[in-house]
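Please open the structure in your viewer and keep the selection tool at hand.

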Amino acid sequence: MPLVQRKSVVLLAIVGIGILSGTFVWIRSLYGDQLKTCISVNSRHDIAERLAIPSDPHVQSSSFVSPMTFQKVCERLLQPLNVSKLKEYLRVLREPRNPDLLARYWAVGLSGTRARRIKIKHCCSAESPATVVCRNFQRDVKGDGGGVCLDGHPMPKCVVYSFGIANDWTYDEAMAAQSCRVYSFDPTSAFEQVHKAYKRPNITFQYVGLAPAVRCGEVQSTGGIYGKLEGELLDLSAIRSRLGHTAQNSIKILKIDCEGCEWDVFYELAQNNPQALDGVNEVIIEVHQVQSLRMGTTADMVKFEAFFTFMFEKQGFKLWYHHQNKGARADRAVMPQLLQLGAVENICCYELGFVRSSFG
């Protein structure tokens, strides 16, 4: 190649590099913060690899999840576990009658009522008494719930979301009888037809399940012993929006028994979407502490601690109900690390009732 042509090529290359550099500087001046965020998130690709984020067409959220939101929510799972808090919350589950814990975490004195132990009807652990703070406790509700507190009922325009049915409608029927409008959710395919065929006043079934808006792990695909989840999975905000319950006081009660989904759902609420609980005064939930129901890693223990911190400290809930449930034999293996911190061996789950201030 002649010398003149070589000089021309070099000159064009220099000009091209200059143009590209100038373009990058211009872009950085306009979008510097966003560019740094994208680079930061992409450089933390190990989050997605370590937490295994798959895609699932059944799972939808109320809005697009940005890289910044994903990073904010999921990076917390890679941080050290707050061992002291986790031990404290395990004591709350293990010692429901401990006077110090009653004073700190229970709605003692609510409606002039002290904590008392009562026997309940129950599918799996009827021999284990429940601890209750409630004057008017209806104990003839079978299934995992054990009973309902009727203090403050009937409530005008009371709306209840009940997640996890398995063809046991006792809780939903009890609340419908108190003039509440009950929306019953269950995405398990084994019960789809019988659930859709169920018709009662004030009760509406939705073939929908609960999921987090931001997923930091594999999507739950089964409901434990109840089978595959093939209904649509939505986050709580998306469900409220779909049903028109976005006003602050539109939902009074959440009842949740979703075979382990509670850890992902409430972890994401705590990190990213606490307003999804706006107006909710009472939460009745079964929490699962076994490996077969999504409590099997250090990240899961972070979610465990985050759940109780969110409920007690951030949302201001207090306990009004506690019942220990052995669960099915297939669901009793507690991870060794959790046992070392104080979890009770061979116990699947705990049914808990939370209330903010008063019933009604």
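Two residues are said to be in contact when heavy atoms of theirs lie within 4.5 Å; the word "pack" below rests on this cut-off. The model shown here is predicted.

**First stop: helix H8.** Select residues 236-243, which form helix H8. Its buried residues are Leu-236, Ala-238, Ile-239 and Arg-240. Now display the strands S6 (159-163), S7 (181-185), S9 (208-210), S10 (232-234) and S11 (253-256): the buried residues of H8 pack against these. After H8 comes Gly-244, whose phi is positive, near 75°.

**Second stop: helix H4.** Select residues 83-94, the twelve residues of H4. From first C-alpha to last, H4 reaches 16 Å, close to the 16 Å expected at 1.5 Å a residue. Which residues of H4 are buried? They are Leu-86, Glu-88, Tyr-89, Leu-90, Val-92 and Leu-93.

Select Arg-114 in the loop between H5 and strand S2 (116-118). Is Arg-114 buried or exposed? Arg-114 is exposed, because its relative accessible area is 70%, and the cut-off for exposed is over 50%. Finally, select Val-132 and Val-133, which Arg-114 touches. Arg-114 and Val-132 are 18 residues apart along the chain, and their C-alpha atoms are separated by 8.2 Å.

Note on methods. Residues numbered from 1 in each chain as written. Predicted model: local features only at pLDDT ≥ 70, side-chain atom pairs only at ≥ 80, totals over all residues. Heavy atoms only, no water. Helix = DSSP H or I, 4+ residues; strand = E, 2+ residues; numbered from the N terminus. Expected span 1.5 Å × (residues − 1). Buried < 20%, exposed > 50% of the residue type's maximum accessible area, 1.4 Å probe, protein only. Lists of a residue's contacts leave out its neighbours within four places in sequence.
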